[in-house]
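Here are some notes to read alongside the structure. Take them one point at a time, and keep the 3D view open as you go.

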Amino acid sequence: MNRLVFDSDMPKICVPIVGQTEAEIIKVAKELRKSIADLIEWRADFFQGISDVGLVKGLLRKLREALGDKRLLFTLRTASEGGEISPSFEEYAEILRHAVNTECVDYVDVEMFWGYRTQDAPSAFYDNCAIKLPEDIAKEPCHISVRNLVQELKGKADVIGSYHDFAKTPHGEEITKRLLVMKNMGASITKIAVMPQSKKDVLQLMTATLHAKEAMPDTPVISMSMGALGAVSRVAGANFGSAVTFGCCGETSAPGQIPVEELYDIMEKLRID
């Protein structure tokens with residue numbers, strides 16, 4: 001695996017590819033090969049042939065060649081967290097397994113809280129009657145399938161555990177705790193993206209990121225507040241502990257993404273040596 005060195009004075013820049021066809025995807029990949037991006041994310045949920053494992057594997061090999069030395073992140077975002085498809089967990093896990101088995105992928109995104117999507121497994125983060133530690137939440141029976149998947153994938157690629165809330169920004173304590181739970185579930189890198197409704201929400205996200213980073217200094221943390229209101233988190237996130245920021249080259253994969261060249265220039269000016 002080609003690993004990036006995170007937690008430097010400049011965050012790594014990740015750019016997503018969101019094309020629907022192989023031709024579109026490879027065209028953008030060739031353009032990004034020459035870019036200043038450190039990490040390229042293939043948002044495979046946009047791909048029209050995502051249900052055909054053979055097409056996905058073949059396209060990953062072509063992507064690996066087109067990107068050269070650029071690191072590749074494979075992401076299959078589900079509709080529950082802002083993506084384009086609604087697979088069962090078994091379907092989701094199988095696609096991720098096939099992706100890493102090609103040995104073309106350096107990082108793989110795993111949505112960590114599948115266990116809370118069922119009616120009989122309410123989220124412990126909303127249980128006001130009991131305060132649970134991150135390590136205890138991570139061991140809850142509803143998480144066993146994701147924990148097992150993470151361990152399986154880690155042999156072939158680094159796992160970026162993720163959680164996305166496109167409706168709101170949870171309380172700061174919940175943001176920090178979710179990041180810590182992801183680590184306790186086995187993720188190599190932890191990521192959270194939330195939607196702000198106020199300036200206070202943006203500040204809350206950045207403060208929670210700082211607290212998470214202080215609690216797990218050896219684990220890279222990625223966080224962002226989405227939309228125009230949260231754009232400051234994309235350019236100044238490193239000052240609060242976020243190791244990666246997401247920019248765009250053409251189409252965006254999330255609200256508030258900034259063109260990659262502009263993003264780099266702003267971060268360079270804000271860098272703290």
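1. Let's begin with the surface. The accessible surface of the chain comes to about 12,000 Å², and carbon and sulfur atoms account for 52% of that area. Please keep in mind that this is a predicted model, so every value here is computed from it.

2. Next, the overall build. You can count nine helices and nine strands in the chain. Along its principal axes, the C-alpha trace spans about 55 × 45 × 30 Å.

3. How does the radius of gyration fit with a compact globule? For 273 residues, such a globule would have a radius near 19 Å, and the chain has 18 Å, which agrees. Buried residues make up 56% of the 273 residues.

4. Now look at how the chain meets itself. Of the contacts with a separation of 6 or more, 75% are between residues 24 or more positions apart. The charges are worth a look too: there are 32 positive and 39 negative ones, and their mean positions are 2 Å apart.

5. Find Lys177 in helix 6, which covers residues 172-184. Is Lys177 buried, partly exposed or exposed? Its relative accessible area is 21%, so Lys177 is partly exposed; the cut-off for buried is under 20%.

6. Stay with Lys177 and look around it. Leaving aside neighbours within four places in sequence, Lys177 is in contact with Phe125, Ile131, Lys132, Pro134 and Ile137. With Lys132 there is a polar detail to find: the side chain of Lys177 reaches the backbone oxygen of Lys132 at 2.9 Å. Ala212 is 35 residues from Lys177 along the chain, yet their C-alpha atoms are separated by 7.6 Å.

7. Move on to Glu103, in the loop between helix 3 (89-101) and strand 4 (107-111). The phi angle of Glu103 is near 60 degrees, a positive value in a residue other than glycine. Glu103 counts as exposed because its relative accessibility is 63%, and the cut-off for exposed is over 50%.

8. Finish with Ser225, which lies in strand 7 (residues 221-225). Not counting residues up to four places away in sequence, Ser225 touches Val194, Pro196, Val202, Leu205, Gly230, Ala231, Ser233 and Arg234.

How values were computed. Residues are numbered from 1 along each chain as its sequence is written. This is a predicted model: local features need pLDDT of at least 70, side-chain atom pairs count only at pLDDT 80 or more; totals for chains, interfaces and linings use all residues. Side-chain values use heavy atoms; hydrogens and water are left out. Helices (H or I, at least four residues) and strands (E, at least two) are DSSP runs, numbered from the N terminus. The radius of gyration is taken over C-alpha atoms; the globule rule is 2.2 Å times the number of residues to the power 0.38. Buried means under 20% relative accessible area, exposed over 50%, partly exposed in between (1.4 Å probe, protein chains only). Contact means heavy atoms within 4.5 Å. Accessible areas come from the Shrake-Rupley method with a 1.4 Å probe; for residues, only the protein chains shown count as cover. Lys and Arg count as positive and Asp and Glu as negative; His and the chain ends are not counted. The place of a charge is taken as NZ of Lys, CZ of Arg, CG of Asp or CD of Glu. A polar contact is a pair of N or O atoms within 3.5 Å; within protein, one must be able to donate a hydrogen and the other to accept it, and residues adjacent in sequence count only if both atoms are side-chain atoms.
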